[in-house]
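Here is a friendly walk through a two-chain structure, meant to be read with the sequence and the 3D view side by side. Have a look at both before reading on.

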Amino acid sequence: MKRYAFSLLLLLSLLATVLIIYQLEFDLNSSPLPFILLPILLLMTWMSGRINFLILVTYTLGLGFVYLVLSWYNAATNEQQLFYIAQHLLSSFGVFLYWLFLRQLRSIFENNKELQERVKLLEGFSESPQLLSYSEFLDRTDFLIAGAKRREEKNILFHIQIPATKFNKKSIMQQLTNAGLKVFRAHFDVMSQRNRQEFIIFLQNTDSTGANIAWSRYEKELRNRFTTVDFPFEFSQLHVNSSVEETLDQQERVHK
Amino acid sequence: MNIILNVIMSIFWLLLLYYSYLTVAGILDRYSKKKTVKLVHYPTVAVLIPAYNEGIVIRQTLEAMLAIEYPGDLDVFLLDDQSQDDTSSIALEFTTMFSRMHYVKVPKGEPIGKSRVLNYGLSITDSEYFLIFDADNQPKPDTVTRLVEQAHSTKNACGAVGVVKTINATTNMLTRMIAIEFQVFQLIMQSGRWKAFKTGSLAGTNMLLRRDVIENIGGYDPYALAEDAELTMRITALGYTLPVVYEAETWEQEPETMKVYMKQRTRWMLGNIYLLEKSIRTWEFWKGRTLVHSLQHIMTYLLFIFLLLISDIVLVLGLFGYAFDQATTPLILFWFMTYLVYTIQILAAQELEKTATPSNVFVGLIMYFTYAQLFVILLFRGIFAYIKSKMRKEVIVWDKTKRVKVET
């Protein structure tokens, strides 16, 4: 909120400066300001923060030299020189405020973009907040696989793939997720969406018999949700030895 | 009268254009992407720390030296120039425990000062490179690595120069202004000159040098009080370059009282007057890249202060009603441009260093009227002391800056 107020204050100061300069310009037709200031402001709107700072410094120094040459050439009186200085200060201050405003605006945009990316990363592409994001799923399963290896236990991965041709992929995925959350122990078995077409469930410390029991419970729940005789997805049960990614890659190679 | 004024104003033009050019070049250099080159073999480095009565700061300095991380062989030599306080006992605590640390008692000799101590340090070490840190310095752990990498990857480099930051910048107005002055020197002047002329200058501390080059030119000039500036001229005259490395940082303390400051800066001024005199006698100092240093020297220590004095006189006369209406040069605008260039340099340095807080910006805006004016006094003090020493045929001796305890 503070940053918002500061940006607003900057914008108001900028407008006030522009108005004062405009007022001054009416009295002095020979001033080169309008021809220099406008292109500078336009240029700054499109440039990066670093280039803008360079423009600000070059403009402030350059304009000073322009006035110096002008007053030397015109043999300016003390009053005229003071007027040039006032003009220089005002216009430089205006460019400075615009630079500050753009910097403030850019930092808010960048911050916003960064936050959006973080939220996206945290949520993954999952629309169900109880589900793990895929990166979290991989981290968690790596840890579980390492533990299972030490204890010489087995792990099973349920891989469910919705064919690309299905129109209602989003709704199918929603039903798979909700059914999974209902049937499996969320703190013990982990689930995730690999992408918009693949749903995966990792069952730790279980063999094929245990996995079949789990699948029949899941299937029963799915039967309640789907009316079709054939499910609108393909199901495979995979043994996980080293990592989930490797297991899925192997599966893909077999299918090809 | 107008002819004299026009001549003075031409010099003004030259200075204003030169410093404006350096400001823009400095910003460009700071914004340009620097390549970091990892070396296969890291050369041997000897860190030389000249010390005299440093008991108040030496423990923190040696702790920082131990924290330095360098992939090659690195040894730290504390060169004790006959300290009367507990410098040696603190140093021995470190040398008896850590293999990297070495304590060396420098024999008595003339003329006293940093240059002679460093020459002695060079004579007892044999590393490929040596690096100077003042006895109050606390470098960042990667400083040596950054300097060595840059020195190795820059064409014709005989070393590299790091950045010096002020550890007690917030203590009072004086230390704050000194910190700002250092920022301007390093971020605008140094980097601007590197961008524009591919030449850098040594800063007295946090500087890496190739031993063979320095030994070939006969080491340090023991009579030079501004030994860094003097050495810069000689190595630049041989065609070597000194790249500036912004990532290689060290922290040091600056004078906290006006008395200590004036003493330190008068010594610097004397050193620079000595160098100006030496420059007049040495033709090599006016060729190639060395010309940039010689002109910079004249501009900073002579013309700038001289013009500052003129500007003050014009201002005072103006206040008493002498408006210079008949002058054919726009005096007021010249004065304004001087203030503008000086202040823009400060604000640019603050923006580059991300230290542009409201209080720092305010200090930057008033520095022309306060801190810069001290240089007029310093020039007079320096000239007076120099002439006095010449008339009495005395050798101006090194005068150590008094340290203070700074908690970090």
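Predicted model: local features only at pLDDT ≥ 70, side-chain atom pairs only at ≥ 80, totals over all residues.

## Chain B at a glance

Counted that way, chain B has 13 helices and 8 strands. Its radius of gyration is 22 Å, close to the 22 Å that the globule rule gives for 408 residues, so chain B is as compact as a globular protein of that length.

Of the 408 residues in chain B, 45% are buried.

## The cores

The largest nonpolar core has 101 residues, and the members that touch the most others are Val47(B), Leu48(B), Ile49(B), Leu79(B) and Leu131(B). Helix 11 of chain B, residues 331-353, supplies the largest share of this core, with 14 residues. In general, nonpolar side chains tend to be buried together in soluble globular proteins.

Leaving aside residues up to four places away in sequence, Leu79(B) touches Leu48(B), Ile49(B), Pro50(B), Ala51(B), Val104(B), Val106(B), Val117(B), Tyr120(B) and Gly121(B). There is also a second, separate core of 27 residues, which includes Leu144(A), Leu176(A), Phe199(A) and Val240(A).

## One helix with a buried face

Helix 3 of chain B covers residues 87-95, and its residues Thr87(B), Ile90(B), Ala91(B) and Phe94(B) are buried. Seen down the helix axis, these buried residues fall within an arc of 95°, so they line one face of the helix.

What do the buried residues of helix 3 of chain B pack against? Their partners in chain B are strand 1 (45-51), helix 2 (58-66), strand 2 (74-80) and strand 3 (101-105).

## Chain A

Chain A comes to 8 helices and 4 strands. Read from the N terminus, its elements follow the order α-α-α-α-α-β-α-β-β-α-β-α. Buried residues account for 23% of its 256 residues. Among contacts in chain A between residues at least 6 apart in sequence, 71% join residues at least 24 apart.

## Where the chains meet

At the interface, 19 residues of chain A are in contact with 20 residues of chain B. On the chain A side, helix 3 (49-73) and helix 4 (78-123) are the elements that give two or more residues. Helix 3 of chain A gives the most, with 12 residues. By type, the chain A side divides into 12 nonpolar, 6 polar and 1 charged.

## Two residues with positive phi

Most residues other than glycine have a negative phi. Ala75(A), though not a glycine, has a positive phi of about 45°. You will find Ala75(A) in the loop between helix 3 and helix 4 of chain A. Is Ala75(A) buried or exposed? Ala75(A) has 11 other C-beta atoms within 10 Å, so it is exposed, the cut-off being 12 or fewer.

Lys198(B) is likewise not a glycine and has a positive phi of about 50°. Lys198(B) sits in the loop between helix 6 (173-197) and strand 7 (207-210) of chain B. With 15 other C-beta atoms within 10 Å, Lys198(B) is partly exposed.

Methods:
Residues numbered from 1 in each chain as written. Chains lettered and ligands numbered in written order. Rg over C-alpha atoms; globule rule 2.2 N^0.38 Å. Buried ≥ 20, exposed ≤ 12 C-beta atoms within 10 Å, placed from the backbone. Contact = placed C-beta atoms within 7 Å. Nonpolar A, V, L, I, M, F, W, Y, C, P; charged D, E, K, R; others polar. Arc of directions from axis to C-beta. Core = buried A, V, L, I, M, F, W, Y, C linked by C-beta atoms within 7 Å.
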